[in-house]
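Subject: A structure for you to look through

Hi,

Here is the structure I promised to pass on to you. Have a look at it first, and then read my notes below with the picture open beside them.

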Amino acid sequence: MIYRSLLPLLTFLLLTRTAGRADSPGDLPLHLPPHPRLMLTDAEVPAVKARLARAPFLQARYRLLLRSADGWVRKGVDLPPRGGQWSHWYVCKRDGTDLKTVSPTEHRCPSCGTVYHGWPYDDVLLMKTHNGYSSAVRDLGLAHRLTGEKKYADKAREILLAYARAYTRYPLHDKNGQEKVGGGHVGPQTLDEAGWLIGISRGPTWSGTVSARTNGRRSRPACCAPRRRRSGGTGWAFTTSRTGRTRPSGWWAFCSATRSWWPTR
Ligand SMILES: [Zn+2]
């Protein structure tokens, strides 16, 4: 989709702009524009609809978006009982072949037939489920913005509230199952946590699930896992402020988007 192809550039621009404004969490901008303010504003929606009306290939993509959103509306919200694991674990130890999922607890190598059970294989599937909910929040929020239909916003809100209840109960863990800096609550690395947060972060502002009151209390825990990663690590999850201090980009995206997001409906 167009918005997916533009996502890396938009994310870069957002993070760069945010990093230049503030040097610490306490310095985050106080005067933020009104919601929706992340990636797609209300002022941009008419232009998107005008392009949709004259571009058949965009209409096909739009139908796919609505199909995804409608599918999520029909589903219940059943979050995994814990965070997920590293996708690179999902290979055969003997020959490196990608495993095939037989069931949530059975994973088979198509090359040699070896069957794997338990950790970390079961938990890799949980990560896919978490990322599916992140994509759901993104699609539902965008569908709501473009159609105005409340059902999409309601389902996004349901998912966000479920994560608000579950997030702090998910243990901090890394890809080796250890409670260590560099891990996450949902994902096993700060990269995974930040990637999951991108979709989740767009949900509140796109779905209208925001409060007029500033209340960052609930957003703090999701910020904390990526933030624990120390500077000097790899750069994929971080942005560097003008003072040279590193910040995890997922944390920046989340806080800049949702600083006043908490739902009151
Ligand atoms: Zn094998």
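Please keep in mind that this is a predicted model. Helix H3 covers residues 56–74 and helix H4 covers residues 121–147; the two pack at an angle of about 115°, and their axes are 9 Å apart. Angles of 65 to 115 degrees count as roughly perpendicular, so H3 is roughly perpendicular to H4. Their crossing is left-handed. On the H3 side, the contact is made by Leu65, Leu66, Ser68, Ala69 and Trp72, while H4 brings Ala136, Asp139, Leu140, Leu142 and Ala143. Sorted by class, the residues of this H3 and H4 contact are eight nonpolar, one polar and one charged.

Now let me step back to the whole chain. The protein chain has eight helices and five strands. Starting at the N terminus, the order of its elements is α-α-α-β-β-β-α-α-α-α-β-β-α. The chain has 265 residues, and 37% of them count as buried. Among contacts in the chain with a separation of 6 or more, 67% are between residues 24 or more positions apart.

With H4, the angle is about 150° and the axes are 8 Å apart. Angles over 145 degrees count as roughly antiparallel, which means that H4 is roughly antiparallel to H5. The crossing of H4 and H5 is left-handed. From H4, the residues that meet H5 are Tyr133, Ala136, Val137, Leu140, Gly141, Ala143, His144 and Thr147; from H5, they are Tyr152, Ala153, Lys155, Ala156, Ile159 and Leu160. The classes in this H4 and H5 contact are ten nonpolar, three polar and one charged.

With H3, helix H5 makes an angle of about 60°, with the axes 9 Å apart. That angle makes H3 oblique to H5, and the crossing of H3 and H5 is again a left-handed one. Here Ala69, Trp72 and Val73 of H3 meet Lys151, Tyr152 and Lys155 of H5. This contact of H3 with H5 holds four nonpolar, no polar and two charged residues.

Which residues touch the most other members of the largest nonpolar core? They are Ala136, Val137, Leu140, Tyr152, Ala156 and Ile159, in a core of 22 residues. At least two residues of this core come from each of H3, H4, H5 (150–166) and helix H6 (190–207). Another core, of seven residues, lies apart from it; Tyr90, Tyr116, Val124 and Met127 are among its members.

Leucine 99 sits in the loop between H3 and strand E1 (100–103). Is leucine 99 buried or exposed? A residue is buried if 20 or more other C-beta atoms lie within 10 Å of its own. Leucine 99 has 20 other C-beta atoms within 10 Å, so leucine 99 is buried. Leaving aside neighbours within four places in sequence, its contacts are Tyr90, Val91, Cys92, His107, Arg108, Cys109, Tyr116 and Tyr121. One of these, tyrosine 116, is 17 residues away from leucine 99 along the chain, and their C-alpha atoms are separated by 8.8 Å.

Leucine 40 lies in the loop between helix H1 (2–21) and helix H2 (45–54). Leucine 40 is partly exposed, because 19 other C-beta atoms are within 10 Å. Between leucine 40 and leucine 142 there are 102 residues of separation in sequence, yet from C-alpha to C-alpha they are 8.5 Å apart in space.

Threonine 147 belongs to helix H4. With 15 other C-beta atoms within 10 Å, threonine 147 is partly exposed. Threonine 147 is 81 residues from leucine 66 in sequence, and the C-alpha to C-alpha distance of this pair is 9.2 Å.

Finally, do look at the peptide bond between tryptophan 119 and proline 120: it is a cis bond, with omega at about 0°. You can find proline 120 in the loop between strand E3 (115–116) and H4.

Enjoy exploring, and do write back with any questions.

Best wishes

Terms used: Residues are numbered from 1 along each chain as its sequence is written. This is a predicted model: local features need pLDDT of at least 70, side-chain atom pairs count only at pLDDT 80 or more; totals for chains, interfaces and linings use all residues. Axes are lines fitted to C-alpha atoms, for helices over the stretch in contact, and angles run from 0 to 180 degrees between N-to-C directions. Helices (H or I, at least four residues) and strands (E, at least two) are DSSP runs, numbered from the N terminus. Angles under 35 degrees count as roughly parallel, over 145 as roughly antiparallel, 65 to 115 as roughly perpendicular and the rest as oblique. A crossing is left-handed if the near helix is turned anticlockwise from the far one by less than a right angle, and right-handed if clockwise. Two residues are in contact if their C-beta atoms, placed from the backbone, lie within 7 Å. Ala, Val, Leu, Ile, Met, Phe, Trp, Tyr, Cys and Pro count as nonpolar, Asp, Glu, Lys and Arg as charged, and the others, Gly among them, as polar. A nonpolar core is a set of buried Ala, Val, Leu, Ile, Met, Phe, Trp, Tyr and Cys residues joined through C-beta atoms within 7 Å. A residue is buried if 20 or more other C-beta atoms lie within 10 Å of its own, exposed if 12 or fewer, and partly exposed in between; C-beta atoms are placed from the backbone.
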